[in-house]
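Have it open while you read.

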Amino acid sequence: MSTSSIAISQPRTAVFSRVCDYIELTKPRIALLELVVVLAAGVVASWGQPQPTILLNAMLGTLLVAASASAANQWIEQRQDARMARTAERPLPARRLTGREAMFFSTICLVGGSLELACFVGFASAMWALLTWAVYVFAYTPLKTASVTNTAVGAVAGALPVLIGWTAVGGELDRRAAALVLMLFLWQFPHFMAIAWLYRRDYASAGYQMLTVVEPTGRRAGRQAVLAALALIPISIVPVVGAPGVGSLLYCLGAAALGAGYLLAAALFWQRATDLRARLLLRASLVYLPTLLVMLMLAPWI
């Protein structure tokens, strides 16, 4: 390899690494989940007659606002992240990006996402996105070091994107919208409790007031997981109540079966909190939600 090719490849590698660091600031898995939620809400609100251009703009705006929230969260929590093995190599604690760069990125994404939603989707969607951002950054993030209620507040932030997609297509805020918001809210408790158990030592070293840190036996965490999973079963049926067709019946059967599986995983964790059972519950949560949303979106066409 020539000297000139080495000189060219090094800047390219540096640029690629920097781009990866900015992508990591966005917490891509959380952003992807929010996009799926916005899409599902828009499809369900329009009863299987989605408006592709509006939904694409809604998803783009949501992606930018979600990226901003995650970057702001990491800027606020960089000291705590440095104390935890699972987050110590994030761009800010590892000093690959500066706090100023992270906040500039967060600001640009927030302004861009808000304008995208306000101009190309609707004012209501933009307001729900800004509320989601505010709850996540100004309420959930500081509460993590102050109170175990942080999980409930975080679940609110995780459920609000439903209303971005719902209002994007002009859907009325009816019982179906309320049920979908509640579904997202409840789903997060078993999901969060499994993560909180698996990383309880990290959370303790960072000073986070997770339920598994405050009450280390896992009994209360397991009870919350079971109660949420149990409530999900009837709530998940509400969006199709009164809807005609075979699709609605198949959805109800599938939702009940998924809910039973999620409840079983939560009950096993409650019975005895172990890393193995927490991982089982975490996997069940990651199967439950996307499968349920896809079934709900497909129900009108079956």
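1. Ground rules. This is a predicted model, with local features needing pLDDT of at least 70 and side-chain atom pairs counting only at pLDDT 80 or more, while totals for chains, interfaces and linings use all residues. Residues are numbered from 1 along each chain as its sequence is written, and side-chain values use heavy atoms, with hydrogens and water left out.

2. Salt bridges. Taking a side-chain nitrogen of Lys or Arg within 4 Å of a carboxyl oxygen of Asp or Glu, the count is eight. One of them pairs R18 with E101 at 2.2 Å, N to O. It ties helix α1 (residues 3-25) to helix α5 (residues 99-120), across 83 residues. Helices here are DSSP runs (H or I, at least four residues), numbered from the N terminus.

3. E24 and R96 meet in a salt bridge at 3.4 Å, N to O; E24 sits in α1 and R96 in the loop between α4 (78-83) and α5, 72 residues apart. E24 is partly exposed at 32% relative accessibility, and so is R96 at 30% (buried is under 20% relative accessible area, exposed over 50%, partly exposed in between; 1.4 Å probe, protein chains only).

4. R200 and D275. Their closest N and O atoms are 3.3 Å apart, joining helix α10 (residues 200-206) to helix α14 over 75 residues. Is R200 buried or exposed? At 16% relative accessibility, R200 counts as buried, whereas D275 is partly exposed at 28%.

5. Helix pair α6/α8. The axes (lines fitted to C-alpha atoms over the stretch in contact, with angles from 0 to 180 degrees between N-to-C directions) come within 8 Å and cross at roughly 175°. That makes α6 roughly antiparallel to α8, a label for angles over 145 degrees.

6. Around M183. This residue of helix α9 (residues 175-198) is buried, at 2% relative accessibility. Leaving out residues up to four places away in sequence, M183 touches L232, I235, S236, P239, Y251 and L292.

7. Nonpolar surface. Which residues make the nonpolar patch of about 800 Å²? V246, L249, L250, L253, V294, L298, W301 and I302 do. Patch residues have over 30% relative accessible area and no salt bridge, with nonpolar side chains (Val, Leu, Ile, Met, Phe, Trp, Tyr) joined within 5 Å; areas are Shrake-Rupley with a 1.4 Å probe. The largest share, four residues, comes from α13.

Key:
Patches are made of residues with over 30% relative accessible area and no salt bridge: like charges are joined within 9 Å, nonpolar side chains (Val, Leu, Ile, Met, Phe, Trp, Tyr) within 5 Å. Angles under 35 degrees count as roughly parallel, over 145 as roughly antiparallel, 65 to 115 as roughly perpendicular and the rest as oblique. Contact means heavy atoms within 4.5 Å.
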